[in-house]
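Dear colleague,

I am passing on the structure we spoke about, with the sequence alongside. Please have a look at it first, and then read the notes that follow.

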Amino acid sequence: MAPKDKEAVELIAASSDKKKEIDEKNKKEEKEEDALSEEDQQLKERLESCVSTITNENNEASVTIGIRQNALDMIVTELRTATSSMTSVPKPLKFLRPHFVVIKKLHADFSALQDNESIEFRARVADVLAVLAMTMGKPEERESLKFKLSSSKDYTLLSSKGAPSKHAEDNFGSWGHEFVRSLAGEIGQEYNKRVIAGSDPDDDALFKDLLDMVDIVVPFHISHNAEAEAIDLLIEIQRLKLLLGLDTIDDKNYERICLYLLKTSSFMSDPDDYNEMLETAFEIYKKQEQFFNALRVALLMSNHEIISELLNDCKDQLMKKQMCILLGRHRVNYEIEDDDDEEFNPLIGNEKLNEFFLKLGQDLDVMDPKTPEDIYKSHLAETGGFSRRRDTGGPQVDSARANLASTFVNAFVNAGFGQDKLMTPDSEWLYKNKDHGMMSAAASLGSILLWNVDEGLTQIDKFLYSSEDYVKAGAALAVGILCSGVRNDADPALALLTEHIEGDNHVMRCAACTGLGIAYAGSAREDVMELLIPVIESSDGGAEKMMEASLAGLALGLIFVGKCDDSVGGTIVQRLMEASDDDLSHSHARYLCLGLALLFLGQTEKADGMIEALRTIEHKISKYAVVMLETCAYTGSGNVLKVQEMLHQCTEHLTEDAEHQMAAVIGLGLITLGEDVGAEMTLRTFDHLLHYCELPIKRAVPLALAVLHISNPDFSVIDQLSRLSHDPDTEISQNAILGLGIVSAGTNNSRVAGLLRQLSEFYSKEAGHVFCVRIAQGLLHMGKGLLTINPFHSDRLLLNGPALGGVLVLLYSCLDLKNTILDKSHYLLYYLTCAMNPRMLITVNEEISLRPVTVRVGQAVETVGQAGKPKRITGFQTHQTPVLLGVKERAELGTEEVLSVASVLEGIVILKDNPDYEAEEGN
């Protein structure tokens, strides 16, 4: 019994303590009231006397409605003029708190009266109650909104009787911003409650009372720099299109509104809502004649139909040129058919890209060709003892694998510069390789002469007539690489490669398919499709035919990337369904699946039909193809449900036949690509996968890490990949090494360079590892540090399909390195040229010739939802253009002398003189 008594004593003690606390608190409050300043005491008494007048406690006949109105006016004035700090409630609200119930009763007493004077008084009382309910009402009852609706109804009634109230106007904003915000929140809650109760959200009549309020609240918010709140309210009540009818949107606030719409759109789970937000931003930009920005949004929506409409509407020739440059950067195959086409079409066709890239190289003084040895820096990597031992063994013997690696390093490092020390001087290097190595060596000419079609064809031409099939095939591939992303009137790639596609030579056909895929990536050319579809359809058995079909499927996937083309998709699925088990088990069948997946890149639920078709295939590749297609379709969407689905794929503990799990891991990176919060959360998930999952999943983790940081060497990711590159499992370490190359591609990052040199020493006896290290070194120093393979551009808003497609070819090859890149299909590495772009900012004048100007380059800062004109970059340095930009960097003009035509300073930017600029005196 004793313990119970003890508890009872404790409870009694606790409750008495609590009583003491409450008593002390009450005393404190009384003291505070006693301690009111004289001014506050007068305000309190004044308000109390007003309340007693309007309620007419003693039912005095002399207190008429008019006198009550005056007393109410006094309360209204006090409430409206009260100012408050962020931490305290305004004094009048505090003093009226005890009278809230009394005033509510007064409103109820007047509800039956219908004479004009009483109606107006009732409406005014409801206004006051709406404000008081903001701090005193229960949140779930939405009293503030209830009283506001009541007062609106009364004002409308007075108008209908022909006696409109003077108080009906300006009846929202005058109560203060905080009141309007509170009301907006309650409108959203009320709307949702009615929809849940069964009201049709599309029927405006059912929500007329709320929509009338929204018509006042939204313009108020927009004119008071609270654009984000206005948009949030419209999203809540599913009426975003109301924004377009507002005249409060002008040249001062449209940028903030559109930026908020674009950034918020990525949080929309429903595709219709997502499209509605982008369409609204597009219409606002168009209305403000910001055609460049409107084009960015059109490309984000993948809506290529409205491009011609935009270009026709744009009368400013400079703006039109800038739009053409953006279309070229995004690899859009579009032709302007009017009198000025000679001026615009070359810009869309990137014909000046090589010229500007070389100007950038000259300006930064990196024109001298580099040899692979300049990149390897073997003298730094090797220990002295090791070096001496090698010297004693006489002349060093060249291995075919080492020479092949040097071929790729040379091709990547000198990409676009038009000269090197291995291939352009003479063809001696060609014969230091064998078979497929010769093919890659000949193809490297395309990469070295990248984008320079006229000169490149002259140099490659002699190899097209070689007696060696492999050299001929390499030259054919070089023609495709050369034309990557550049449009030429002569269309050399199609003209030269057609005969090889139709020929009988297996190597030539493989090279020609790959060449066409690289040359026409993203162009959606029907004539190329007609050429390649028969290659996929040819159903003669055998590994060679399957390989040709797979490479043709991959090429078509890249050519029609994100276009959801039915005929290409149908042909690939048909081929997969009809193929024998041996064909589907071919190491290159994965490329046929990747070709299909690329067709639906970023197109979300449009891929559902194809996914169902793939499920019917009775082979383990079916699972792999489904996961690959699904992850490509939701690339960059940040869709949490799809992330969970992919994680669910990884829960099964499989040690073999787990290709679909590896694809799911890469898919995690793809889905959260470009969305910072999702990407950060995914990095944490990868740690769990490395701890708890089986080997196949672990092998794909370095590749998924690389996807999230393409050409963006983040410190923590490099650290993680560096640890994985020493893993005892061969495939994990090889993937981690290539992952380091992708993460640092084109950045010349010294930390990664040091790590790769150490790895070349660490794995000096492992041929496969050394090859991977060399490829990674080539990627790191790509274009001597002037190129990037990051698929995002235009201030990380637009995802370039061909660029991501090119990177994905490498990543999915890494899932089976020993049968692809480490075997005879190393030439697929050249698909990376689709992703190569100069990471430059070059400013040009109206004639598109160089015009240097000072710019500030710094880390980009997120400014969405901030009022005013916040700083958009931090930690900047001032340079003279041309300059290099990192993945997360942004540039601003450093002078007011000129204005940029583009809103985003990236790539080639046209400048015009600022008509309002006045030079400072003394300059």
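**Overall build**

The protein contains 42 helices and eleven strands, and please keep in mind throughout that this is a predicted model. Among contacts between residues at least 6 apart in sequence, 71% join residues at least 24 apart.

**The nonpolar core**

The largest nonpolar core has 309 residues, and those with the most contacts inside it are Leu 243, Leu 532, Ile 789 and Tyr 812. If neighbours within four places in sequence are left aside, Leu 243 is in contact with Ile 222, Ile 231, Leu 234, Ile 249, Ile 257, Leu 261, Thr 280 and Ile 284.

**Charges and salt bridges**

The protein carries 90 positive and 144 negative charges, whose mean positions are 6 Å apart. Side chains of opposite charge can pair when their charged atoms come close, and the structure holds 39 salt bridges.

One of them joins Arg 46 to Glu 78, with the closest N and O atoms 2.9 Å apart. This pair links distant parts of the chain, since Arg 46 belongs to helix α2 (residues 38-55) and Glu 78 to helix α3 (residues 65-81), 32 residues apart. Arg 46 counts as partly exposed, at 34% relative accessibility, whereas Glu 78, at 18%, counts as buried because that value is under 20%.

Another salt bridge brings together the side chains of Arg 239 and Asp 204, at 3.0 Å from N to O. Arg 239 lies in the loop between α10 (227-236) and α11 (254-265) and Asp 204 in the loop between α8 (177-196) and α9 (208-223), so this pair ties together parts that are 35 residues apart in sequence. Here Arg 239 is buried, at 11% relative accessibility, while Asp 204 is partly exposed, at 43%.

Because Arg 856 lies in strand β6 (residues 854-860) and Glu 892 in strand β9 (residues 889-893), the pair ties together parts 36 residues apart in sequence.

Finally, Arg 142, Glu 190, Arg 194 and Asp 209 are linked in a network of salt bridges.

With best wishes

Note on methods:
Residues are numbered from 1 along each chain as its sequence is written. This is a predicted model: local features need pLDDT of at least 70, side-chain atom pairs count only at pLDDT 80 or more; totals for chains, interfaces and linings use all residues. Side-chain values use heavy atoms; hydrogens and water are left out. A nonpolar core is a set of buried Ala, Val, Leu, Ile, Met, Phe, Trp, Tyr and Cys residues joined through side-chain atoms within 4.5 Å. Buried means under 20% relative accessible area, exposed over 50%, partly exposed in between (1.4 Å probe, protein chains only). Contact means heavy atoms within 4.5 Å. Helices (H or I, at least four residues) and strands (E, at least two) are DSSP runs, numbered from the N terminus. Lys and Arg count as positive and Asp and Glu as negative; His and the chain ends are not counted. The place of a charge is taken as NZ of Lys, CZ of Arg, CG of Asp or CD of Glu. A salt bridge is a side-chain nitrogen of Lys or Arg within 4 Å of a carboxyl oxygen of Asp or Glu.
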